[in-house]
Amino acid sequence: SRPAPTDDRPRRNPPRPSPSMSTAGSAAKLKRGVGNPLIDPSGVEVGSIDVSCKFEHEGKESEGAVSLAQPKLESLVKPDEVVVRDGKVRCLFRYPLSKPFVATLRAPDGAGNFTRTALVQAICVEYARIYTEEEAKSTVPVDITSPTNLKRNKTNGPYGIWGHGLGDLHLSNIFYVDEHDALVLGIDS
């Protein structure tokens, strides 16, 4: 794992699917499935969607991942593009959770689909809810308690969050994985 950035710049390099994402050896799992809700602008099913942001760094325009704690939704590339063709979608939340779970996200105002902005916003809201619930129900303090452990304590709430605070997390890609019949998030820390 790379060290966290020292400033709030979005991350530049999105993670690639790894064996832990249950996609190793089969790119087809990322593509078309019976329940695949991801679409491109022409309505064709795709395996993943990009959620990068444009930003300026040292006078140059760059692209990077979305901060889950402080998303700059106005900076998303193609923010109004419809990326999910349904008004609700299953999403697997698993990093940095010891107890992953699937949540059903709903499009705002009963919309029949998700734009890139609406989907990213729903994911950020759900992550904030997860962290809030974890902190409220855990008997282990979140704060770092050891000089040798420079990351967040592993807490014992409903999700068992370990290693990273919400401010460390960046969303770079969203994949559809048949095996989970859900969206799987490319999270960088």
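Predicted model: local features only at pLDDT ≥ 70, side-chain atom pairs only at ≥ 80, totals over all residues.
Strand 2, which covers residues 53–57, pairs with strand 3, residues 60–64, in the antiparallel sense, and five bridges join the two. On the strand 3 side, K60 is the bridge partner of H57. In a regular strand the side chains alternate between the two faces of the sheet.

The largest nonpolar core comprises 37 residues, and within it the most contacts are made by F93, L119, I123, Y127 and L171. Two or more residues are given to this core by each of strands 5, 6, 7, 9 and 10 and by helix 1, and the largest share, nine residues, comes from helix 1 (116–137). Beyond its neighbours within four places in sequence, L171 is in contact with V51, A65, V66, L68, V120, I123, L185, G186 and I187. Another core, of five residues, lies apart from the largest one and includes L92, V177, A182 and V184.

The structure holds zero disulfides. For C53, the nearest cysteine sulfur is that of C124, at 9.2 Å, and a disulfide would require the two sulfur atoms to be within 2.5 Å. C53 counts as buried because its relative accessibility is 3%, and C124, with a relative accessible area of 5%, is buried as well.

Conventions:
Residues numbered from 1 in each chain as written. Heavy atoms only, no water. Pairing = 2+ DSSP bridges. Helix = DSSP H or I, 4+ residues; strand = E, 2+ residues; numbered from the N terminus. Core = buried A, V, L, I, M, F, W, Y, C linked by side-chain atoms within 4.5 Å. Buried < 20%, exposed > 50% of the residue type's maximum accessible area, 1.4 Å probe, protein only. Contact = heavy atoms within 4.5 Å.
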